[in-house]
Amino acid sequence: MSLHCHHDRGTPARVSTERVTLSIDGMSVTVPAGTSILHAAAEAGVDIPKLCATESLEAFGSCRLCVVQVKNRRGYPASCTTLVEEGMEVTTENDALFRLRRGVMELYISDHPLDCLTCSANGNCELQDMAGRVGLREVRYADGHNHLAEAADASNPYFNYDPAKCIVCSRCVRACGEVQGTFALTTTERGFDSRIAAAGGTDFLSSECVSCGACVAACPTAALMEKSVIELGQPQRSVTTTCAYCGVGCSLNAELQGEKLVRMVPDPSGGANHGHACVKGRFAWGYATHADRITTPMIRKSIRDPWQAVSWEEAIAHTAAEFRRLQEKHGAESIGSITSSRCTNEETFLVQKLTRAAFGVNNVDTCARVCHSPTGYGLKQTLGESAGTQDFDSVMQADVILLIGANPTDGHPVFGSRMKQRLRQGAKLIVADPRAIDLVDTPHVRAAHHLKLRPGTNVALINALAHVVVSEGLVDEAFVALRCEPEAFAKWRTFIADPRHSPEATEEVTGVPAAEMRAAARLYATTGNGAIYYGLGVTEHSQGSTMVIGIANLAMATGNIGRPGVGVNPLRGQNNVQGSCDMGSFPHELPGYRHVSDVETRTLFESVWGVPLSDEPGLRIPNMFDAAISGSFKGLYVQGEDIAQSDPNTHHVTAALESLECLVVQDLFLNETAKFAHVFLPGASFLEKDGTFTNAERRISRVRKVMRPLAEYADWEVTQMLSNALGYPMNYRHPSEIMDEIARLMPTFHGVSYEKLDRLGSVQWPCNETHPEGTPTMHIDEFVRGKGRFMLTEYVATEERVNRRFPLLLTTGRILSQYNVGAQTRRTANTVWHPEDILELHPVDAEDRGIREGDWVGVQSRAGETVLRAKISERMQPGVVYTTFHWPGSGANVVTTENSDWATNCPEYKVTAVQITRVEQPSVWQKQFERFSEEQMSLLKASTEAKPAHASV
Amino acid sequence: MNIEHLIHMANQIGSYFAAEPDPADARAGIADHIARFWEKRMRQSLYAGLDSGEASALAPLVSEALAEHRERLLGRAA
């Protein structure tokens, strides 16, 4: 139960054009048809007692506390399961109802410990509240059989299950099914023996439970309770903020005692998550105060020197002096910056402004380079805007979902749950993925088609689907004629109709049977609202941009764009990927996706920023690495990213980092990149600063400071100090002033302000004069670019091909409990679920190589070699292996190559030709990594043991 | 800048635009993409390689595009 004051109306709100008027306790109430009496009463300000009912779940009718009387009807119906009817006269309070409710409560309490004063839910317990509400004063059945001696299950690292306090109301079971869609919980046995159990294991930890916390949020007692509340007590205040994990951008209430965070609970009014969360956002926030946090600035001359702790003033002055020295010696273009999708909009805006205005160059890039830069390119070229077209709620109106290269139940779990809700309602699902992700076959959800394509053949597949649409007369001709460029469409139609794109011609390439492709294309094109969702399995390829274009082509050709329920929906990896791109983090674009060569745009920025700006595109991250190795790039400011772990071909990346004369890392921890740094500037967690994140549906949400920065300054303040030290003045007093500048400069943000965000909760850009409260669905009447533009998408096979030496294809991804490079989640109890990265391979490939479950296997590619533990899995197809990159010592990116997308240089993480062999010891790289890490940690230790002092580097 | 890497990237861009039915459109597309997305020293290094005979691995279509749009690519962007 949350501290946040949300008026729980007991059953979900209904939407209907039909209105029903009834009388409740003599008051006239009008509500949509289908509304429960319980909900209607709450709307009228009458809160009927309840226990098993809560607004986030369908009515269950088991507790019998919400009984009412209805005129001219027999008995006492439960108000949660009885729907309103025209003219109905309802009485919620009288002597008979009073006696009934008190009798019910007496029975509940007869099997409930009377330890309220020492109970973890004391002061925030619905059972306690209801006992008071119905006037329970005595319990006559206290000596009978009960469950009070049952042992608690404390196996989950974040919450306990105490059956002694359970009233078997089934809220948790229903939350697990209805909200989360995992169906891990059940009620076993019957009658007195009924109890809640987690399926698939002997306790919660070993069960199928995914620790989303929906059951804990739903529990009306202390039966399911956060360990942090058990340890610390109930929180006293609540601050609404935004999760700092994936691109769903869940709204969370940080519940605190003073500045101490007690728990995070999902905000029922959150536009992106509607009161749901996942194991990361809900529970994995302990990293923010982890002992590994570095809170003192440090500098050193060489990466082999010990760190010297210094004051902020000295660190900033040193950094500014170094950057100016490098520019004087090697030219203005010798330095640059990398912004982070983990930082706020305001922070990324400031870093790119620092780079363009203070450094005087456009050498700024962001981690979207290695994830969704092809989305930015492909959607801008075809639709006119570098963003997804829908809001998340749109999925509830989809009739068929085409899911390509995304694994939402792991990568975007809260949206994954929403998608599963729609699929359980009957929407069809097509999955295109080399692996059998959970959504292919999960409780109450089964994909109509799993297009199990070979890695690297996305474009051949999308062309085959489009070929079927064109050749079988499934084009929405009216939509195309009205909304798209006719010449470009005619050219594309001729191109795609060529027999070389047919499913029959491409099945040998994709590995997907032609009939399956044809059936999938027909299903997508003819089943009402067709919605495409995609992830990094689309973008992280040598043809990533081509594939995004192909997706846009397919959506336009079938008219599946410009209304709720359809669209092209990139599932962004990190929390602020959309925002960091919006804010001008790419080296060729100023904020708002306007090219640096555009005179009008540049003039606008020059007038506000007061300096001339370069009209030349800057270096992208991989170009920075190449330039560093070739000697023309010498200084780099990295805010909140760990490129040494996340970017491909680790040997190449670390060689580039070692080539730099001044690497400045601003982060919470001494991450892998910081081990190559000369300046370390302590970062602030999302709990320590104000700002905004923009999620995958373009939703701008507030990040609110709940505690003071551990290292004294929020990240935006550090960037501002650096800019001032470089002689370019920045004088923002609060991030709201940065947002005001963003709103002045970006047409899609003209209507955004902190006042509006506080008032509305969140807004989806474009938010301006035309759309003052935001834009859930884009391209409704016309595309942002005017007419939609079809583009050609010839399939070009990746150069990363299997051969005798490297006969398998490695593809990489992430899992539910860990996040990106793991800097956050590795420092939480989430490690219990994923203590190391493992290599998944098909039983056939394992048997061929004599590999058994749990064996150490060497993974060799042309880039390098690492060693992982093997997991044999039927999820894989023969010839394809899979791993994650959450642990630095795993060295997943030692193996991946610098092969990249033709348009954006987004790395081809998803296709690496490898060989797998059984081994007995770590790889050479891993041994070197271990030695280097130990050396760097000892150099750090030397600093942390010393007080900040005047340094001499 | 590593000339082999630049040639590889340029050829990849060429592979995309090679689908254009009109070769002039393909050449213009290649040049426009390089102008809009490549930093100046990358463009200069590619032309230096081209002029010194180190860029023989460039696809013919890309070489033609670079020759046709040399002034634009070595001058101002966009």
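1. Some ground rules to start. Because the model is predicted, local features need pLDDT of at least 70 and side-chain atom pairs count only at pLDDT 80 or more, while totals for chains, interfaces and linings use all residues. Residues are numbered from 1 along each chain as its sequence is written, chains are lettered from A and ligands numbered from 1 in the order in which they are written, and side-chain values use heavy atoms, with hydrogens and water left out.

2. Let's look at how chain A is divided. The domain assignment gives domain 1 (1-93), domain 2 (298-368 + 577-746), domain 3 (373-570) and domain 4 (808-920). These bounds come from an automatic or database domain assignment. Notice that domain 2 is written as two stretches, 298-368 and 577-746.

3. Now for domains 3 and 4 of chain A. Taken over C-alpha atoms, their centres are 26 Å apart. In contact terms (heavy atoms within 4.5 Å), 28 residues of domain 3 meet 23 residues of domain 4. The buried area between them is about 2,100 Å², and carbon and sulfur atoms give 52% of that. Buried area here is the accessible area (1.4 Å probe) that two parts lose on being put together, summed over both.

4. What holds charges across that domain boundary? There are 3 salt bridges between domain 3 and domain 4 of chain A. The term means a side-chain nitrogen of Lys or Arg within 4 Å of a carboxyl oxygen of Asp or Glu. Lys910(A) and Glu540(A) form a salt bridge, at 3.7 Å from N to O. On the domain 3 side that touches domain 4, α10 (373-382), α11 (408-411), α18 (536-539) and α19 (544-557) of chain A each supply at least two residues. (Helices are DSSP runs of H or I with at least four residues, strands are runs of E with at least two, and both are numbered from the N terminus.)

5. Next, the interface of the two chains, A and B. Here 26 residues of chain B are in contact with 35 residues of chain A. Together the chains bury about 2,600 Å², with 54% of it on carbon and sulfur atoms.

6. Arg43(B) forms a salt bridge with Glu616(A), where the closest N and O atoms are 2.9 Å apart. The elements that give two or more residues to the chain B side are α1 (3-17), α2 (23-37) and α3 (40-51) of chain B. Of these, α1(B) gives the largest share, 8 residues. By class, that side of chain B has 13 nonpolar, 6 polar and 7 charged residues. In this count Ala, Val, Leu, Ile, Met, Phe, Trp, Tyr, Cys and Pro are nonpolar, Asp, Glu, Lys and Arg are charged, and the others, Gly among them, are polar.

7. Over all chains, the whole structure has 57 salt bridges. One of them joins Glu226(A) and Arg263(A), at 3.0 Å from N to O. The pair links distant parts of the chain, strand β8 (residues 224-226) and strand β11 (residues 260-266), 37 residues apart.

8. Another salt bridge pairs Lys353(A) with Glu741(A), at 2.9 Å from N to O. Lys353(A) sits in helix α9 (residues 345-359) and Glu741(A) in helix α26 (residues 735-745), 388 residues apart. Why does Lys353(A) count as buried? Its relative accessible area is 5%. Glu741(A) counts as buried too, because its relative accessibility is 6%.

9. Compare that with Asp855(A) and Arg852(A), whose side chains meet in a salt bridge of 3.8 Å, N to O. Asp855(A) is buried at 13% relative accessible area, whereas Arg852(A) is exposed at 52%.

10. Last stop: Ser873(A), in the loop between β34 (865-872) and β35 (880-884) of chain A. Ser873(A) counts as buried because its relative accessibility is 7%. Leaving aside residues up to four places away in sequence, Ser873(A) touches Glu840(A), Leu841(A), His842(A) and Pro843(A).

Definitions and conventions. Buried < 20%, exposed > 50% of the residue type's maximum accessible area, 1.4 Å probe, protein only.
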